[in-house]
Amino acid sequence: MKKIISLGFLSLLLSVIMIGCDQSDDITESMQLEQDALLKSNQALKAKADENCASIQSGTIVDENGETIQTGFNDQGYNYQARIYSGEIYPDSNPGWNLTWKWNEAYLSTQDCDGDHLLDIANGQENYRGTGAWTTTKWTRTYTDKEGNHCVVSQFTKYVAVPNDATSDGAMFYNPDGSVIGTVVNSPGFEDFARTQLVWNDPCQGINGVDYKAPGPVGLGNR
């Protein structure tokens with residue numbers, strides 16, 4: 001499971017963009033408390049291990065290409081310490097699309113705690129369920145339409161790791177009480193993530209605003 005997250009799944013998302021251009025309150029509260037307790041437990045275990053973890057500043061951690069990870073942005077557009085990627089993804093096949101990609105520590109850590117010289121993912125678990133991991137992507141592109149208008153198009157998407165007890169019907173993720181978490185992400189490596197928000201803007205095409213929003217909280221850290 002442990003490896004640096006690649007941009008492979010983003011090619012699928014970009015192709016989609018191009019093509020598409022009664023349970024009680026007490027039970028719900030109890031489930032939330034259990035989830036919060038699990039997250040705190042994971043965080044406590046990670047904090048205990050931190051004293052034996054290597055940081056990016058140590059110079060001993062490498063990326064998926066075997067290159068030593070440094071602080072700040074590298075030539076590919078990654079800043080692993082700040083947990084962000086920024087740059088043009090596919091200048092040859094799909095020129096003009098720029099991506100800002102962000103994530104939290106549970107998604108891709110800034111440390112190596114198991115000594116394999118790679119950044120840790122999923123708090124050291126075998127999957128992302130129950131980790132509190134999240135990641136966001138924002139695609140932007142400018143173009144000129146047939147009328148000569150300067151157009152700016154953007155798409156913002158938010159993904160959150162689902163709880164351990166989440167279920168799926170292949171299209172949506174659900175809590176045990178039947179409430180919707182978000183949509184299933186059909187991309188390798190994202191089997192444990194739900195898409196909770198999609199905001200699409202292309203004023204020249206008359207597209208503006210929220211395309212999808214999960215019915216529950218979608219703020220980062222709410223899952």
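Trainee: What should I know about the model before reading it?
Mentor: The model is predicted: local features need pLDDT of at least 70, side-chain atom pairs count only at pLDDT 80 or more, and totals for chains, interfaces and linings use all residues. Residues are numbered from 1 along each chain as its sequence is written, and side-chain values use heavy atoms, with hydrogens and water left out.

Trainee: How many helices and strands does the protein chain have?
Mentor: Helices (H or I, at least four residues) and strands (E, at least two) are DSSP runs, numbered from the N terminus. The protein chain has two helices and 12 strands.

Trainee: Which residues of strand β4 lie on the covered face, and which on the uncovered one?
Mentor: In a regular strand the side chains alternate between the two faces of the sheet. In β4 (residues 98-103), L99, W101 and W103 form the covered face, while N98, T100 and K102 form the uncovered one.

Trainee: Which residue in β4 is the bridge partner of S86?
Mentor: Two strands pair if DSSP finds at least two bridges between them. Strand β3 (residues 84-88) runs antiparallel to β4, joined by five bridges, and S86 has T100 as its partner in β4. On β6 (residues 134-144), which pairs with β4 in the antiparallel sense over six bridges, the partner of T100 is K138.

Trainee: Where is R83, and what is its phi?
Mentor: R83 is in the loop between β2 (78-79) and β3. Its phi is near 55 degrees, a positive value in a residue other than glycine. R83 counts as partly exposed because its relative accessibility is 27%, between the cut-offs for buried (under 20%) and exposed (over 50%), with a 1.4 Å probe and protein chains only.
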